[in-house]
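Have the model open in your viewer and follow along, one selection at a time.

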Amino acid sequence: MKASLFAKKNSAAGGNLFHYVLLLAVSVVMMTPFVWMVSTSLKQPADVFVFPPQLIPSPVRWANYADVLETIPFHLFYGNSVYIALLVTAGTVLFSSMAGYSFARIPFWGRSLVFLLLLSTMMIPNEVIAIPMFLFMRELGWINTHLPLIILPVFGAGGVFGVFVMRQFFLGIPKELEEAAMIDGCSRLRIYSTIMLPLAKPAIATLVIFTFLTSWNDFFDPLIFINDRKLMTLPLALSLFTDESGTSWHLLMSASVMATLPLLIVFFFAQKQFIEGVSMTGLKE
């Protein structure tokens, strides 16, 4: 009996060790591009492609970051990306939470059909509707403005994904909470704002991270709708380090490091709720 228990413990320990080693190997592979980016951002231009590669630059050239600010109006592009990402995130959370609550809790004719039609729009690639959307934005006079970069993600595929996430979360909240609030005379709007939203913090954190990340890294839409250099976002600005003579890799990597910082900050503050939200917004009906 003892031998059998000992064998089971050894087997479990061996399985855990294998999983830890596998996760460590995957982590190393995933971290390698980031480490290379940071290392290259501190190198001399001539040391970027030396062989064997230098993981720790010698000498360390902090001036690359100052050169980025002098080469292009990086602060302007940074500000454009920050306020666009914040507006898109706030709008998506508001729209998706209200729509998700409606689909999860408010019965109306054709609810399932409408929700299915919304989900079907996520299967349409953005490139397919790029030309019609450009023509539509031109008719509205929104070309070369930030409005398409803010409105389209909120009510497009990103917003639909948010509706799906919020709906799945609200379906898991006991109906007794709503019934008790209605008995006390609460309206739907008050139930949504005072009961549902506080309970939905994990799902909201998940949606915030995904939405902010998508908006921050968006290259295609700004490329289509923005012509004025002053209105460019960071993904477009990073392409300015490449010209006919080649790519300034040390400056490009320095700018990329600075562009990555907001993503790390958002995930750092929302990681606990994000992990909880991912585990609580699975498929349920």
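Select Arg105 and Glu178 to begin: their side chains form a salt bridge, with N and O 3.0 Å apart. A salt bridge here is a side-chain nitrogen of Lys or Arg within 4 Å of a carboxyl oxygen of Asp or Glu. This is a predicted model, in which local features need pLDDT of at least 70 and side-chain atom pairs count only at pLDDT 80 or more, while totals for chains, interfaces and linings use all residues. Residues are numbered from 1 along each chain as its sequence is written, and side-chain values use heavy atoms, with hydrogens and water left out.

The pair joins distant parts of the chain, since Arg105 lies in helix α3 and Glu178 in helix α8 (residues 175-183), 73 residues apart. Helices are DSSP runs of H or I with at least four residues, and strands are runs of E with at least two, numbered from the N terminus. Buried or exposed? Arg105 is buried at 8% relative accessibility, and Glu178 is buried at 5%. (Buried means under 20% relative accessible area, exposed over 50%, partly exposed in between, with a 1.4 Å probe and protein chains only.)

Shared partners join Arg105, Glu178 and Arg188 into one network.

For another salt bridge, select Asp67 and Arg61, at 3.2 Å from N to O. Asp67 is partly exposed at 21%, as is Arg61 at 24%.

Next, show the largest pocket, with a volume of about 830 Å³. A pocket is an open set of points on a 1 Å grid over the protein atoms alone, where a 1.4 Å probe fits, with protein on both sides within 12 Å along at least five of seven lines; lining residues have an atom within 4 Å of a point. Of its 38 lining residues, Leu152, Pro153, Ala157, Gly158 and Asp221 are the closest to the centre. Elements giving two or more residues to the lining include α3 (74-105), α6 (147-155) and α7 (157-171).

Then go to Asn144, in the loop between α5 and α6. Its phi is near 65°, a positive value in a residue other than glycine.

Finally, colour residues 82-101, one of the stretches that an unreviewed UniProt entry lists as "transmembrane region"; such annotations may be inferred rather than shown by experiment. Residues 82-101 are 100% helix, with end C-alpha atoms 28 Å apart.

Methods:
Points joined across faces, edges and corners; volume = space filled by probe spheres on them.
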